[in-house]
Amino acid sequence: MKKYFLPLIYSLAIISGCGRTDEVNLLADRAFALAKTQYAQMDEALGDGQFPKSTDSEGNLVTSDAGWWCSGFYPGALWYIYEYTGDMTFRELAWKHTRRLAVLKDRDTDHDIGFQINCSYGNGMRLTGDSTDAALYVECARILAGRFTEETGVTKSWNFLRNDWHYPVIIDNMMNLEILTKAAESSGDSSLKDIAVRHARTTLNNHFREDWSCWHLVDYDPETGAVRSKETVQGYTDESSWARGQAWALYGYTMMYRETGMEEFLEAARNIGNMIMDRLPEDGIPYWDFDDPAIPEALKDASAGAIMASAFIELSTLTGDNRYMETARRQLLTLGSDKYLAKPGENAGFLLKHGVGNIPGGTEIDVPLSYADYYFLEALVRYSIISSEE
């Protein structure tokens, strides 16, 4: 697998003062030192086949099995710790937890195999060049591709159907297209990339409002492809802008431009990014829903902030627009403050505090989340790579 796409636009003009004394790089050194302590502690706490998920009301670690959609984020974070520090202990830990996800190769119940396999195996192959699991990676991509239909032009999110759904597709699916493009590249099967492009285009047509905010879920008629309904399942209302959904959209279209070079995806990413920047509070961390009437008393979501920061860094490199980088810097420095970043031994081994999972569902509210840590570390690695280009 390839390293991150590093176009010529990674230049000194993108970040002013991004050497090792830059505030974000100093934060990265501190955060990865903390991550080594916290994630080694997590490894000791996890039973065989368990993955960290969040914490309970008492602050105790809550785990999942491999099937939970977040299972790939812990091994993925271990890979970023290895990438940043070069510590071989974490390379071994990363492979240990990555290969516990091999049980997913026959699983076809949702779209999340992209999160699970790309964050784990994808990073492992990218960083080590070890192709032992390349066939498994492609096989999992084909499982995801099997959820696509020509009639709808999208991959189906979930097999379970509630709220009278017939063919539900959530904005989160955009994140799972990368396994398709990478598998197409490694296997030579261009149909996988074609599905990713088709899904991104269909989503662009149906998920977005005029202001470039997006609905969380669009339900399709599986026979005709017609849109049946639009909802925001995890947001304040169907018409509100759920922050993590906006983050998935920003990241997804930025990634799809990197993977395809198609200008329509770059234009979408810029429009989404501009909308987000216009609505962010001063510290850069979004409220869990941009339209919650309780703002400024509403909860902020560290996970959405971390995802946005990682996406904004890449979008800045792809466009040369320093506004995106400055937004990411602001977000990362806030996440690195005492309010959000745990101290050693705290937070059940997680790095970031104050994530928001699903307020309408009453789950994972104001707690650490595995994906918040993953995208926080990814953003710091991306920033560090740019700094090293000086």
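Helices (H or I, at least four residues) and strands (E, at least two) are DSSP runs, numbered from the N terminus. This is a predicted model, in which local features need pLDDT of at least 70, side-chain atom pairs count only at pLDDT 80 or more, and totals for chains, interfaces and linings use all residues. Residues are numbered from 1 along each chain as its sequence is written, and side-chain values use heavy atoms, with hydrogens and water left out.

**Exercise 1. Describe the lining of the largest pocket.**

Step 1: Start with the term. On a 1 Å grid over the protein atoms alone, a pocket is an open set of points with protein on both sides within 12 Å along at least five of seven lines, while a cavity is a set where a 1.4 Å probe fits but cannot get out; lining residues have an atom within 4 Å of a point.

Step 2: Count the lining. There are 31 residues, and Trp 68, Trp 69, Trp 158, Gln 234 and Asn 358 lie nearest the centre of the pocket.

Step 3: Look for the elements. At least two lining residues come from each of strand S1 (51-55), helix H4 (113-128), strand S6 (355-358) and strand S7 (363-367). S1 gives the most, with three residues.

Step 4: Sort by class. Ala, Val, Leu, Ile, Met, Phe, Trp, Tyr, Cys and Pro count as nonpolar, Asp, Glu, Lys and Arg as charged, and the others, Gly among them, as polar. The lining then has ten nonpolar, 13 polar and eight charged residues.

**Exercise 2. Find how H10 and H11 are set relative to each other.**

Step 1: Take the geometry. Helix H10 (residues 302-319) and helix H11 (residues 322-335) pack at about 150°, and their axes are 8 Å apart. Axes are lines fitted to C-alpha atoms, for helices over the stretch in contact, and angles run from 0 to 180 degrees between N-to-C directions.

Step 2: Name the arrangement. H10 and H11 are therefore roughly antiparallel (an angle over 145 degrees).

Step 3: Check the contact (heavy atoms within 4.5 Å). Among the residues that meet are Phe 312 and Ile 313 in H10, and Tyr 324 and Leu 332 in H11. The residues of this contact divide into twelve nonpolar, seven polar and no charged.

**Exercise 3. List the residues that line the largest cavity.**

Step 1: Find the lining. Leu 104, Arg 107, Asp 110, Ile 113, Gln 116 and Ile 143 line this cavity.

Step 2: Sort them. Three are nonpolar, one is polar and two are charged.

Methods
Parallel < 35°, antiparallel > 145°, perpendicular 65-115°, else oblique.
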